[in-house]
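Here are a few friendly notes to read alongside the model. Take them one at a time, with the chains in view.

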Amino acid sequence: MPTPEPSVTLVVADLVGIFVFAISGALVAVRKDLDVFGVLVLAGTTGLGGGFLRDVLIGATPPAALADWRYLLVPVAAGLLTFYFHPALGRMERTVTVFDAFGLGLFCVTGALKGLAYGLGPVPAALMGMVTGIGGGMVRDVLASRVPAIFRGELYAIPALAGAFVAVGGARLDLPVLVVAVAGAGLCTTWRLVAIWRHWQAPMPTGPASV
Amino acid sequence: MPTPEPSVTLVVADLVGIFVFAISGALVAVRKDLDVFGVLVLAGTTGLGGGFLRDVLIGATPPAALADWRYLLVPVAAGLLTFYFHPALGRMERTVTVFDAFGLGLFCVTGALKGLAYGLGPVPAALMGMVTGIGGGMVRDVLASRVPAIFRGELYAIPALAGAFVAVGGARLDLPVLVVAVAGAGLCTTWRLVAIWRHWQAPMPTGPASV
Amino acid sequence: MPTPEPSVTLVVADLVGIFVFAISGALVAVRKDLDVFGVLVLAGTTGLGGGFLRDVLIGATPPAALADWRYLLVPVAAGLLTFYFHPALGRMERTVTVFDAFGLGLFCVTGALKGLAYGLGPVPAALMGMVTGIGGGMVRDVLASRVPAIFRGELYAIPALAGAFVAVGGARLDLPVLVVAVAGAGLCTTWRLVAIWRHWQAPMPTGPASV
């Protein structure tokens with residue numbers, strides 16, 4: 001099934017998103033005392049894992065990243081950079097987190113639109129948008145043998161799902177792609193940034209957990 | 001490749017199975033102190049993960065659950081119910097386990113029949129039946145960062161495999177689908193219930209493990 | 001998309017590789033105190049997981065192992081053997097490691113060639129070769145709830161990637177398949193064996209990890 005040829009702007013934005021996701025993965029690897037290969041794999045799975053999950057689920061195989069060497073080069077570069085300069089990058093983590101919020105906004109929109117392009121209905125397409133945004137970090141945490149950070153109160157997935165729904169709604173209304181993308185990504189990124197700034201947390205279950 | 005249109009009975013039974021699987025996933029999330037999103041994701045992956053694994057492996061993408069909003073709504077409902085009423089649900093866990101045994105029986109049969117419908121031989125089709133039954137719980141445990149419960153002595157996968165083989169054998173003999181389903185699911189569910197009741201355990205390796 | 005009919009030699013070599021991989025998976029399961037089913041699943045995922053991951057990513061579903069009962073029988077045999085004779089097998093682990101190096105060499109070549117056969121470019125095809133070699137062990141470690149061993153200094157993935165690149169290069173030069181296979185697998189296996197013998201380690205990040 002053909003997807004529309006992505007614009008240069010979109011490819012660049014996509015690569016920047018993959019780059020910052022990959023840096024967050026590589027930093028987790030360094031903190032877990034992994035070797036250079038572990039750093040590269042966590043960089044790669046964090047940067048590309050969400051898109052891989054989405055593409056495998058919707059049957060868009062091989063994933064786009066396997067057909068375009070730039071998508072493989074970017075996480076390798078991010079991983080090596082982190083491997084050599086992780087003390088400096090670790091100190092810039094606040095900045096990484098801000099860029100990460102932009103990557104999340106972008107991925108939830110592109111993932112949702114790709115889901116629609118492959119014939120999914122609105123709710124599954126929005127879900128695929130969320131998976132694109134959060135899947136890489138989940139695979140990273142599984143490979144680092146820890147419970148995914150996004151399950152522990154961080155407000156991350158809900159903004160991604162909201163942005164994906166805005167993108168799906170805009171596409172259904174036949175709004176121009178740029179408007180859809182800016183609205184969906186804008187909502188997601190803004191919500192995520194305010195959540196970081198105000199320390200908003202996702203609600204936790206209340207009452208004693210029975211054993 | 002077309003699969004036969006499922007009957008209303010089968011869809012309802014399928015949704016009930018997903019519902020009880022999702023509750024078991026959500027209860028694990030509550031006990032691991034995850035937030036509302038973690039509860040929903042563990043509900044969703046436990047309820048739908050087995051079918052997703054099967055569909056991705058046999059190439060039946062996108063999985064049926066992504067083409068039918070009811071399949072997405074049910075785990076969300078189970079997750080929210082557990083999020084708000086987990087103390088009560090936790091006390092009913094015995095009941096949940098019994099329903100879970102019915103879900104397992106159903107999933108091992110539908111998974112095996114779908115494997116056959118996609119051209120697999122009898123052994124791989126039975127394996128896909130087992131994967132459909134146990135896959136969701138395995139993904140749940142990986143995301144909760146613990147060794148899958150079904151590897152630790154619980155008699156769960158063997159009944160699922162047995163039920164799947166009965167379903168495959170019945171389908172090969174061209175028996176009516178209802179007979180095949182009742183025989184396969186009946187064997188699996190009965191075996192599982194007796195195993196719970198009599199505390200049967202899967203055998204463990206004996207002798208000292210060399211290090 | 002058709003892949004060329006594999007020769008008898010290749011099938012036998014493939015089955016031997018799966019067998020030794022499966023034994024390494026089963027030994028991990030025994031050491032983690034898993035039951036017989038856990039032993040069989042870790043044997044199966046370690047032996048077949050890399051190929052499954054590759055086939056799902058390149059869209060070659062259902063994976064070859066699901067279409068050929070010998071590929072399912074071999075890990076079951078390896079798992080049962082380990083279940084009953086693990087003290088003896090554990091003492092032979094040095095031998096298992098040597099055979100494992102041969103399996104790795106073989107898998108990185110067959111994986112890379114299959115990637116090319118499915119239309120991937122040289123870099124993604126080499127990556128698929130590496131995934132075929134290392135994927136099973138990664139899935140094994142995730143299911144055993146531990147950080148993959150290949151991230152912790154063991155020199156394992158780099159030789160696999162190198163062998164895969166040799167195979168891709170040879171195939172691009174239209175060298176005979178046997179020459180390509182011997183060169184790629186030879187480089188990978190030799191490198192791996194020397195790394196075991198000389199205790200070579202993959203480089204670790206230096207400097208304090210910021211928290």
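1. Let's begin with a term: two residues are in contact when they have heavy atoms within 4.5 Å. In this predicted model, 29 residues of chain C are in contact with 34 residues of chain B.

2. How much area is buried between chain C and chain B? The value is about 2,400 Å², and carbon and sulfur atoms give 72% of it. Look for C:D35, C:F37 and C:L66: together they supply 26% of the area that chain C buries against chain B, more than any other three residues.

3. Now for the pairings across this interface. The count of salt bridges between chain C and chain B is zero, while five residue pairs are in polar contact, both partners at pLDDT 80 or more.

4. Which helix gives the most to the side of chain C that touches chain B? That is α2(C), with eight residues. Helices α1 (8-31), α2 (36-58), α3 (69-91) and α5 (122-143) of chain C each supply at least two residues of that side. By class, the side has 18 nonpolar, five polar and six charged residues.

5. Chain A superposes on chain C by a rotation of 120° with 0.0 Å of shift along the axis, and the RMSD is 0.0 Å. This is the relation of a three-fold axis. Within chain A, the residue that comes closest to the rotation axis is A:S145, at 3.6 Å (C-alpha).

6. Why do the copies meet through different surfaces? Because only 10% of the interface residues of chain A are also interface residues in chain C.

Note on methods:
Residues numbered from 1 in each chain as written. Chains lettered and ligands numbered in written order. Predicted model: local features only at pLDDT ≥ 70, side-chain atom pairs only at ≥ 80, totals over all residues. Heavy atoms only, no water. Buried area = accessible area lost by both parts, 1.4 Å probe. Salt bridge = Lys/Arg side-chain N within 4 Å of Asp/Glu carboxyl O. Polar contact = N/O pair within 3.5 Å; in protein donor to acceptor, adjacent residues only side chain to side chain. Helix = DSSP H or I, 4+ residues; strand = E, 2+ residues; numbered from the N terminus. Nonpolar A, V, L, I, M, F, W, Y, C, P; charged D, E, K, R; others polar. Least-squares fit on C-alpha atoms with pLDDT ≥ 70 in both.
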